[in-house]
Amino acid sequence: MSEKPACQRPELADFWDHRFRNGITPWEAGAAPPELRQFVSACAPTAGAAAATQPRRRPRVLVPGCGSAFDAAYLDRQGWQVTALDFSTAAIELARRSVGDSWSGMLLAADFFSFVAAEPFDLIYERAFLCALPRHLWPQYGRRVAELLPAGGQLAGYFFFSEDLRGPPFGILPEQLAALLTPGFVCREDRVVNDSLPVFAGRERWQIWQRL
């Protein structure tokens, strides 16, 4: 049997280049979602004398598989130090246009599994990245997020749960996700998402995993 062409293999950049260049992006909302906004708001410093006198370090966040980078742009506007990356050059081209002239973060055409981080991140933001990966790459994902986060760091975002073997999006089961992330992480928050995009509707949860 002949091998599938590159544009039909989601583990390759050509697959995603084809979709971004042809506007086949049902996972793109065009704006930061409510749970992310709530998360950022909850991370804001408490008003008071200490907050007024002590400079606050800007949290360092990695957005893998950033796509058009709407969520990364939102985090940048909130004052976070953002590194957004995608191995699809077509996605990065769109991202450069969507982040705007005020963007102060890093936008990289790079592979999540091999790029070199200058220092650990405080947060890895997950949205439509894990579910874009073929299942044989999941163990590598678990190892990589653990490598990039120090103790106390967080993996937070949207996780797509489904028993359907087709994809992308590739659904994961709760016990499979737990197996990928434990014992290095503990789940601190887990709640239903009620306003998902149609491609994820009814099968998406907002979760926060903390590095131990």
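At 18% relative accessibility, A128 counts as buried, the term buried denoting under 20% relative accessible area, exposed over 50% and partly exposed in between (1.4 Å probe, protein chains only). Phi of A128 is positive, near 60°, although the residue is other than glycine. The position of A128 is in the loop between β4 (123–126) and α6 (138–148); helices (H or I, at least four residues) and strands (E, at least two) are DSSP runs, numbered from the N terminus. The model is predicted, so that local features need pLDDT of at least 70 and side-chain atom pairs count only at pLDDT 80 or more, whereas totals for chains, interfaces and linings use all residues. Residues are numbered from 1 along each chain as its sequence is written, and side-chain values use heavy atoms, with hydrogens and water left out.

A positive phi, of about 70°, also occurs at A69, which is not a glycine. A69 belongs to the loop between β1 and α4 and, at 1% relative accessibility, is buried. Two cis peptide bonds are described here. The bond from G167 to P168 is cis, with omega near 0°, and P168 is placed in the loop between β5 (154–160) and α7 (174–181). The bond from T182 to P183 is likewise cis, with omega near 10°; P183 is in the loop between α7 and β6 (185–192).

A128 is also among the residues that lie nearest the centre of the largest pocket, together with W16, W27, G65 and A132. The lining of this pocket comprises 43 residues. The elements giving two or more residues to the lining are α1 (13–21), β1 (60–64), α4 (70–77) and β2 (81–86), and the largest share, four residues, comes from α1. The volume of the pocket is about 690 Å³. On a 1 Å grid over the protein atoms alone, a pocket is an open set of points where a 1.4 Å probe fits, with protein on both sides within 12 Å along at least five of seven lines, and lining residues have an atom within 4 Å of a point. Grid points are joined across faces, edges and corners, and the volume is the space filled by probe spheres set on the points. By residue class, the lining divides into 32 nonpolar, four polar and seven charged residues. Ala, Val, Leu, Ile, Met, Phe, Trp, Tyr, Cys and Pro count as nonpolar, Asp, Glu, Lys and Arg as charged, and the others, Gly among them, as polar.

The structure holds 11 aromatic pairs, defined by rings of Phe, Tyr and Trp (its six-membered ring) whose centres lie within 6.5 Å; planes under 30 degrees apart count as stacked, over 60 as edge-to-face and the rest as tilted. One of them joins F112 and F113 in an edge-to-face arrangement, 5.2 Å centre to centre with 70° between the planes. F112 is buried at a relative accessible area of 2%, and F113 is buried at 19%. One aromatic cluster is formed by F15, W16, F20 and W27.

The ring of F112 also lies under the charged end of R144, 5.9 Å from the ring centre. The charged end of R127 sits over the ring of Y158, 5.2 Å from its centre. Such a charge is counted if NZ of Lys or CZ of Arg is within 6 Å of the ring centre and within 35 degrees of the ring normal.
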